[in-house]
Amino acid sequence: MAKRVTGPEIEKLIQLLAKVPGLGPRSARRAALHLIKKRDQLMGPLSGALQEAYDKVKVCSVCGNVDTADPCTICTDPTRDQSLVIVVEDVGDLWALERAAALNAAYHVLGGTLSPLDGIGPDDLTIAALVDRVKAGEVKELIIAVNATVEGQATAHYITDQLEGMDIKVTRLAHGVPVGGELDYLDEGTLVAALRSRTNI
């Protein structure tokens, strides 16, 4: 059995860092050591930024984005076309599409995808809120920009069924998004091509 070489405070820091996506136990140890070595330049400002984010970050009641204001910066932007709404699975996908800067549209974050095996049904997502936004009448087109996975496509079909009979154009991402691909890992050029060549569902 390996002996512990640090105090419990440092071990706790390592364990918490290891929970960050992309950081395993070894990477977390390296990150913790780097933070400790650069306490004044990194650890102090980082702890302050984390506390400020903890205190101020909210989930937008309109679209589901995370921001320090509710409604968020995107929803209150007067230059955005609020009649065009891009539906995404998660905030990471919203940020990926914003980096591509292909459309100046509004968004709706579902909070995941339908997955009966994981116990995730329609009530666990913001599909009802999306349907309510469409019923309100301002939205003219929905772009379903979910990941090209089985769950993503099932979610897209479910949303389309819920909107049947409503006066709205529903499109989806087309060329450029590989089957099984995830939006957050695609480059901006691919995302731009996918948005511009969207097709009806």
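Colleague: Is T171 buried or exposed?
Modeller: T171 counts as buried, because its relative accessibility is 2% and the cut-off for buried is under 20%. Keep in mind that this is a predicted model.

Colleague: Where does T171 sit?
Modeller: T171 belongs to strand β6, which covers residues 169-172.

Colleague: What does T171 touch, leaving out residues up to four places away in sequence?
Modeller: The residues in contact with T171 are E141, L142, I143, I144, R198, T199, N200 and I201.

Colleague: Which side chain makes a polar contact with the side chain of T171?
Modeller: That of E141, at 2.9 Å.

Colleague: Let's zoom out. How many helices and strands are in the protein chain?
Modeller: The protein chain has seven helices and seven strands. Read from the N terminus, the order is α-α-α-β-β-β-α-β-α-β-α-β-α-β.

Colleague: What box do the C-alpha atoms fill?
Modeller: Roughly 65 × 40 × 35 Å, taken along the principal axes.

Colleague: And what share of the residues count as buried?
Modeller: 37% of the 201 residues in the protein chain. The accessible surface is about 12200 Å², and carbon and sulfur atoms account for 55% of that.

Colleague: What about contacts between residues at least 6 apart in sequence?
Modeller: Of those contacts, 53% join residues at least 24 apart.

Colleague: How many positive and negative side chains are there?
Modeller: There are 21 positive and 27 negative side chains. The centres of the two sets are 11 Å apart.

Colleague: Back to single elements. Which residues of helix α7 are buried?
Modeller: Helix α7 spans residues 188-196, and its buried residues are T190, L191, V192, A194 and L195.

Colleague: What covers the buried residues of α7?
Modeller: The cover includes β3 (81-88), α4 (91-100) and β5 (141-144).

Colleague: Which residues does the zinc finger annotation cover?
Modeller: The UniProt annotation "zinc finger region: C4-type" covers residues 60-75, and it comes from an unreviewed entry. In the model, the end C-alpha atoms of residues 60-75 lie 8 Å apart. That span is 0% helix and 12% strand.

Colleague: Which residues does the cis peptide bond join?
Modeller: D70 and P71, with omega at about 0°. P71 is in the loop between β2 (66-67) and β3. For background, most peptide bonds are trans.

Colleague: What is the phi of A101?
Modeller: A101 has a positive phi of about 50°, although A101 is not a glycine. Most residues other than glycine have a negative phi.

Colleague: Where is A101, and is it buried or exposed?
Modeller: A101 is in the loop between α4 and β4. A101 counts as exposed because its relative accessibility is 60%, and exposed means over 50%.

Colleague: Now S115. Which loop is S115 in?
Modeller: S115 is in the loop between β4 (105-109) and α5 (127-135).

Colleague: Why does S115 count as buried?
Modeller: Because its relative accessibility is 6%, and buried means under 20%. Setting aside neighbours within four places in sequence, S115 is in contact with I120 and E151.

Colleague: Last one, L33. Which helix is L33 in?
Modeller: L33 is part of helix α2, residues 25-37.

Colleague: What is the relative accessible area of L33?
Modeller: It is 46%, so L33 counts as partly exposed. That value falls between the cut-offs, under 20% for buried and over 50% for exposed. The C-alpha atoms of L33 and L13 are separated by 9.9 Å, and the two residues are 20 apart along the chain.

Note on methods
Residues are numbered from 1 along each chain as its sequence is written. This is a predicted model: local features need pLDDT of at least 70, side-chain atom pairs count only at pLDDT 80 or more; totals for chains, interfaces and linings use all residues. Side-chain values use heavy atoms; hydrogens and water are left out. Helices (H or I, at least four residues) and strands (E, at least two) are DSSP runs, numbered from the N terminus. Buried means under 20% relative accessible area, exposed over 50%, partly exposed in between (1.4 Å probe, protein chains only). Contact means heavy atoms within 4.5 Å. Accessible areas come from the Shrake-Rupley method with a 1.4 Å probe; for residues, only the protein chains shown count as cover. Lys and Arg count as positive and Asp and Glu as negative; His and the chain ends are not counted. The place of a charge is taken as NZ of Lys, CZ of Arg, CG of Asp or CD of Glu. A polar contact is a pair of N or O atoms within 3.5 Å; within protein, one must be able to donate a hydrogen and the other to accept it, and residues adjacent in sequence count only if both atoms are side-chain atoms. UniProt positions are given in the numbering used here, feature names are shortened, and annotations may be inferred rather than shown by experiment.
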